[in-house]
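Here is a short briefing on one protein model. Keep the structure in view and find each residue as you read.

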Amino acid sequence: RLRGSPRGRGADRPSLLPQEADDEPRVPRVSDDERTAAIDAMRTHADTWGGRIALSTLPFQGDIEGGGARARPMDAWIADYTASRGIPFLDVRACCGGEPGLVLADDPGYVSREGNLRAGTALGAAIAPLVTAPPP
């Protein structure tokens, strides 16, 4: 929500961060069934050319400012999905915890250039063994 609402905090103060949440209903998220169907379709397409997929979560403000990976609502779904299909899960949320300068100073809800570099480097290191390993 980028602008204030007549409900909750009022029109004079936007609510942008999780800790500023009010009682306004959230936008519906992608359901587990939709997520499963979309990623299964990616796997099917990758199979046509001998490719494989992996799932990853990247750090966000809470991970970075909190010093490491924080629980997210879809963690259980990711664990179940990847385990049931033998797909690698590359969790790089802990790569960037607790150091200054990894989120934008004027908009800490976004990862900075340095934060993205750290996350990309960690993701590259996690992917490298999968690229050189033969398919299961």
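A residue counts as buried when its relative accessible area is under 20%. Leucine 102 has a relative accessible area of 1%, so leucine 102 is buried. Keep in mind that this is a predicted model.

**Overall layout**
- The protein has four helices and four strands.
- Read from the N terminus, the elements run α-β-α-α-β-β-β-α.
- The protein has 136 residues, and 24% of them count as buried.
- Take the contacts with a separation of 6 or more: 54% of them join residues 24 or more positions apart.

**Helix H1**
- Helix H1 covers residues 32-48.
- How far apart are the end C-alpha atoms of H1? They are 25 Å apart. At 1.5 Å a residue, the 17 residues should span 24 Å, so the two values agree.
- The buried residues in H1 are Arg35, Thr36, Ile39 and Ala46. They sit on the same side of H1, because they cover an arc of only 95° around the axis.
- The other side of H1 has exposed residues: Asp33, Thr44, His45 and Thr48.
- Strand S1 (55-57) and helix H3 (75-85) are among the elements that cover the buried residues of H1.
- Glycine 50 follows H1, and its phi is positive, near 80°.

**Arginine 35**
- Is arginine 35 buried or exposed? Its relative accessibility is 15%, so arginine 35 counts as buried.
- Arginine 35 is in contact with Val30, Met74 and Trp77, leaving aside neighbours within four places in sequence.
- Arginine 35 lies over the face of tryptophan 77. The distance to the ring centre is 5.2 Å.

**Tryptophan 77 and tyrosine 81**
- The structure holds one aromatic pair. The partners are tryptophan 77 and tyrosine 81, with ring centres 4.9 Å apart. Their planes are at 20°, so the pair is stacked.
- Why are these two separated by about one helical turn? Because they are four residues apart in helix H3.
- Tryptophan 77 has a relative accessibility of 12%, so it counts as buried.
- Tyrosine 81 is also buried, with a relative accessible area of 2%.
- Leaving aside neighbours within four places in sequence, tryptophan 77 is in contact with Asp32, Arg35, Thr36, Ile39 and Leu55.

**Nonpolar cores**
- In soluble globular proteins, nonpolar side chains tend to be buried together.
- Which residues form the largest nonpolar core? There are six: Ile39, Leu55, Trp77, Ile78, Tyr81 and Ile87. H3 gives the largest share of this core, three residues.
- A second, separate core has five residues. Among them are Ile64, Cys96, Leu102 and Val111.

**Leucine 102**
- Where is leucine 102 found? It is in the loop between strand S2 (89-91) and strand S3 (103-104).
- Leaving aside neighbours within four places in sequence, leucine 102 is in contact with Ile64, Cys96, Val111, Ser112, Glu114, Gly115 and Arg118.
- Leucine 102 and serine 112 are ten residues apart along the chain. Their C-alpha atoms are separated by 5.2 Å.

Note on methods
Residues numbered from 1 in each chain as written. Predicted model: local features only at pLDDT ≥ 70, side-chain atom pairs only at ≥ 80, totals over all residues. Heavy atoms only, no water. Buried < 20%, exposed > 50% of the residue type's maximum accessible area, 1.4 Å probe, protein only. Contact = heavy atoms within 4.5 Å. Expected span 1.5 Å × (residues − 1). Arc of directions from axis to C-beta. Core = buried A, V, L, I, M, F, W, Y, C linked by side-chain atoms within 4.5 Å. Phe/Tyr/Trp six-rings, centres within 6.5 Å; stacked < 30°, edge-to-face > 60°. Lys NZ or Arg CZ within 6 Å of the ring centre and 35° of its normal.
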